[in-house]
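Work through the exercises below with the sequence and the structure side by side, and try each task before reading its solution.

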Amino acid sequence: MNQKLRAIASFIDQDDIVLDTCCDHAYLAIYLKKNELCQKVYASDINPNALNGAKKNILASQLDIPTYLSDGFKNIDVKDINTAVIAGVGANTVIDIIRYAPEHIQKFIISSNNHLGMLRKSLYQKGLYIKKEIAILDKHKYYVIMLVTREYVKEDRISLKYGKSNHQDYYLSLLKKEQDVLQQIPKRQIFRQLEHRMNIQELKRLIKRI
Ligand SMILES: C[S@@+](CC[C@H](N)C(=O)[O-])C[C@H]1O[C@@H](n2cnc3c(N)ncnc32)[C@H](O)[C@@H]1O
């Protein structure tokens with residue numbers, strides 16, 4: 001179990017009936033079940049090879065974890081699921097999967113590989129709200145894990161753009177990225193430079209506030 005999957009598990013509650021939609025090896029589902037961290041867990045994946053690997057691991061663990069071959073929720077007809085994990089895929093895939101999420105799923109735990117700002121805005125527009133975010137540093141890479149619900153949570157432009165991590169280092173890494181990008185923009189592209197200078201000022205203010 002890597003740190004990202006542990007962080008995802010930290011958002012799971014005892015009452016949750018969980019579907020891990022992009023389960024790959026089913027490590028998360030096995031961890032949840034083995035440690036009795038939720039009521040029930042299902043695992044699914046779009047890729048037959050990944051799902052076969054998951055099935056083998058589940059069989060070896062001797063745990064009861066039903067599996068499904070499915071693009072997101074499309075082949076899932078289980079009505080008791082109240083929590084979905086969507087992790088390890090890009091923001092566009094997360095958004096596609098969420099588009100078909102049934103109403104009885106009240107809680108999502110999301111970790112996108114990219115475009116976090118765009119994802120936050122898109123979730124907000126769909127009436128899904130980020131209750132909490134954590135940033136995990138694993139092998140020199142930051143992973144952001146979002147706890148998303150259907151209950152309204154107020155957002156502002158800054159929180160939608162940069163998130164709500166409690167991790168100062170996470171914002172410092174965003175700042176460094178902005179500074180690196182700024183360095184690479186040719187001098188004549190004043191407007192592009194200005195945009196990144198503004199991001200840098202905003203991030204500096206945000207870092208001071210934490
Ligand atoms: C990198 S693995 C992520 C494994 C684990 N969730 C994690 O975060 O470490 C991505 C998995 O997502 C699956 N996947 C990609 N698009 C999907 C979709 N639309 N529905 C279900 N699974 C999908 C892939 O087949 C792959 O097994």
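**Exercise 1.** How far from a nitrogen atom of the ligand does a backbone N or O atom of Gly72 lie?

*Solution.* The model is a predicted one, and in it a backbone N or O atom of Gly72 is placed 2.9 Å from a ligand nitrogen atom. Next, turn to Asp71, which has a polar side-chain atom 2.9 Å from a nitrogen atom of the ligand. Then look at Gly88, where a backbone N or O atom lies 3.4 Å from an oxygen atom of the ligand.

**Exercise 2.** Determine how helix H4 and helix H5 are oriented as they pack, and describe their contact.

*Solution.* Begin with the geometry: H4 (residues 91–99) and H5 (residues 116–125) have axes 9 Å apart and pack at an angle of about 15 degrees. Angles under 35 degrees count as roughly parallel, and H4 and H5 are therefore roughly parallel to each other. Their crossing is right-handed. On the H4 side the contact includes Val94, Ile95 and Ile98, and on the H5 side Leu119 and Leu123 are among the residues involved. By class, the contact residues comprise seven nonpolar, two polar and no charged.

**Exercise 3.** Are helix H7 and helix H8 roughly parallel or roughly antiparallel?

*Solution.* The axes of H7 (residues 168–184) and H8 (residues 190–209) cross at roughly 160 degrees and come within 9 Å, which makes H7 roughly antiparallel to H8. The crossing of this pair is left-handed. Among the residues in contact are Tyr171, Leu175 and Glu178 of H7, together with Arg197, Ile200 and Lys204 of H8. The contact residues divide into 10 nonpolar, five polar and three charged.

Conventions: Residues numbered from 1 in each chain as written. Predicted model: local features only at pLDDT ≥ 70, side-chain atom pairs only at ≥ 80, totals over all residues. Heavy atoms only, no water. Axes fitted to C-alpha atoms, helices over the stretch in contact; angles between N-to-C directions. Helix = DSSP H or I, 4+ residues; strand = E, 2+ residues; numbered from the N terminus. Parallel < 35°, antiparallel > 145°, perpendicular 65-115°, else oblique. Left-handed = near helix turned anticlockwise from the far one by under 90°. Contact = heavy atoms within 4.5 Å. Nonpolar A, V, L, I, M, F, W, Y, C, P; charged D, E, K, R; others polar. Polar contact = N/O pair within 3.5 Å; in protein donor to acceptor, adjacent residues only side chain to side chain.
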